[in-house]
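Thank you all for coming; I would like to take a few minutes to walk through a structure that may be new to you. Please have a look at it first, and then I will go through a few places in turn.

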Amino acid sequence: MSAHKHVAEDAVKALTTFDIAKAKGSRKLTMLTSYDYSIATLAEQSGVDMLLVGDSMGMVMLGRPDTISVTLDEIIIHARSVVLAAKRSMVIADMPFMTYEQGVSEAMHTAKRLLQEGGVRAVKLEGGREVVPQIKALVQAGVPVCGHIGLTPQRSAVLGGFKVQGKTALAAYNLVQDALALQQAGCFCIVLEAVPAQIAKRVTAALDIPTIGIGAGPHCDGQVLVYTDMLGLYDAFVPKFAKQYAQVGNIIRDAFRQYAKEVQEGVFPGPEHSFTIKDEELVELDNLLK
Ligand code: KIV
């Protein structure tokens with residue numbers, strides 16, 4: 001068997017936007033946020049379809065009150081580490097606040113940096129019909145775009161906070177119109193955040209492309225969670241929709257406490273964690289030091 005054959009057999013096939021689109025109706029899609037190499041490696045190994053370098057990092061990684069201050073440079077730094085871990089999973093980066101709203105050329109510049117410097121394969125941006133020109137231009141230029149409607153955290157200040165969206169007939173109607181416009185503009189999937197389950201069901205049925213829900217009930221074509229929420233790693237605020245699959249924060253805190261205790265008691269480091277040199281070298285050194 002040739003070396004080339006080996007490489008081909010070992011290579012993991014990276015998911016494409018076509019694979020994501022094709023999944024609608026046949027299997028549920030999974031997306032998790034990832035902001036660094038170690039977590040992205042675990043997510044990749046677990047078979048998650050999409051890794052989102054989300055601007056949620058501003059809150060859960062950088063300790064800020066919202067996502068507004070996250071910069072393009074910050075997303076790029078984190079994206080570079082996530083893409084190194086991703087083999088099968090598709091890495092998508094958020095376009096941060098005020099890096100696409102001003103028009104097509106700003107959006108193109110942002111996407112160029114995210115793909116060329118960040119190494120991601122797709123971008124996500126928040127908004128409905130008002131960002132259609134940007135999405136059309138990006139897709140025409142060859143940039144896969146994931147939409148994001150419902151609760152759009154970058155606009156939480158004008159939405160009155162982190163609130164469920166689409167709760168009236170008119171608001172829900174607008175949500176469906178936004179979703180259709182994003183599909184028409186060329187999005188390959190759409191994140192639906194914090195909308196009633198019945199509305200997410202209708203949006204999902206109205207679209208040919210997959211919906212990825214977060215706080216949008218069970219009828220979406222896939223789900224996304226912020227990984228720190230699901231692991232109990234960020235307790236400043238745990239949204240109602242975030243199921244906690246583990247309390248990793250407690251495990252980490254216990255390990256840190258044990259480490260500090262063992263250092264104070266002289267238990268760590270033990271001989272198995274230390275390096276040595278030969279006795280004769282030590283004797284010679286002690287002679288030199290005399
Ligand atoms: O930034 C983020 O993590 C997101 C998800 C909540 C979808 O946009």
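Predicted model: local features only at pLDDT ≥ 70, side-chain atom pairs only at ≥ 80, totals over all residues.

Let us start with helix α13, which covers residues 279-289 and includes Asp 279. Is Asp 279 itself buried or exposed? Its relative accessible area is 59%, and because exposed means over 50%, Asp 279 counts as exposed.

There is also a nonpolar patch on the surface, formed by Ile 277, Leu 282, Leu 285 and Leu 289, and together these residues have about 380 Å² of accessible area. One of them, Leu 282, is likewise found in helix α13. With a relative accessible area of 36%, Leu 282 is partly exposed, because that class lies between the 20% and 50% limits.

Now I would like to move to helix α7, which spans residues 132-140 and contains Ala 137. Ala 137 has a relative accessible area of 15%, and since buried means under 20%, this residue is classed as buried. Which residues does Ala 137 touch, if we leave out those up to four places away in sequence? The contacts are with Val 104 and Met 108.

Finally, to give a sense of distance, Ala 137 and Glu 44 lie 93 residues apart along the chain, and their C-alpha atoms are separated by 30 Å.

Terms used: Residues numbered from 1 in each chain as written. Heavy atoms only, no water. Helix = DSSP H or I, 4+ residues; strand = E, 2+ residues; numbered from the N terminus. Buried < 20%, exposed > 50% of the residue type's maximum accessible area, 1.4 Å probe, protein only. Contact = heavy atoms within 4.5 Å. Patch = residues over 30% accessible without salt bridge, like charges linked within 9 Å, V, L, I, M, F, W, Y side chains within 5 Å. Areas by Shrake-Rupley, 256 points an atom, 1.4 Å probe, with all protein chains shown as cover. Salt bridge = Lys/Arg side-chain N within 4 Å of Asp/Glu carboxyl O.
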